[in-house]
Amino acid sequence: MPIEPGDYPIIEPDTALGLALVEFFDVLEPVYANGEKGVFQVIVFGGYAVHIHSQVRGSADIDAEVSSHGLADKSEIAALLGEDA
């Protein structure tokens, strides 16, 4: 089933997985929110991505790829995320 423009799946922060993702990346907001240290993109895939689309599948981890755009240092991002990264 194709996704219509403007009808994209969203992360539901009131679900257990949604809350886990928000909490996982909360540590990055104070450092990168104003854009002075660069920007980055996070692509979520695997079981969590299926959950975003279906809201039914569970996952025990978050599979994600981080891409830096400009000044954002991927090693600093991984260090801020800690052991879980």
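Q: What covers the buried residues of helix 1?
A: In this predicted model, local features need pLDDT of at least 70, side-chain atom pairs count only at pLDDT 80 or more, and totals for chains, interfaces and linings use all residues. Residues are numbered from 1 along each chain as its sequence is written, and side-chain values use heavy atoms, without hydrogens and water. Helices (H or I, at least four residues) and strands (E, at least two) are DSSP runs, numbered from the N terminus, and contact means heavy atoms within 4.5 Å. The cover includes helix 2, strand 1, helix 3 (47-54) and helix 4.

Q: Which residues of helix 1 are exposed?
A: Buried means under 20% relative accessible area, exposed over 50%, and partly exposed in between (1.4 Å probe, protein chains only). In helix 1 (residues 16-26), the buried residues are Leu17, Gly18, Leu21, Phe24 and Phe25. They lie on the same side of the helix because their arc, taken from the directions from the helix axis to the C-beta atoms, is only 130°. On the other side, the exposed residues are Ala16 and Glu23.

Q: Which residue forms a salt bridge with Glu76?
A: A salt bridge is a side-chain nitrogen of Lys or Arg within 4 Å of a carboxyl oxygen of Asp or Glu. For Glu76, the closest N and O atoms of the pair are 2.8 Å apart, and the partner is Lys37. The pair links distant parts of the chain, 39 residues apart: Glu76 is in helix 4 (residues 74-81), and the loop between helix 2 (29-32) and strand 1 (39-45) holds Lys37.

Q: How many salt bridges are there by this rule?
A: Glu65 also forms a salt bridge, with Lys74, at 3.8 Å between the closest N and O atoms. Glu65 is partly exposed at 41% relative accessibility, and Lys74 is partly exposed at 42%. The count of salt bridges comes to 2.
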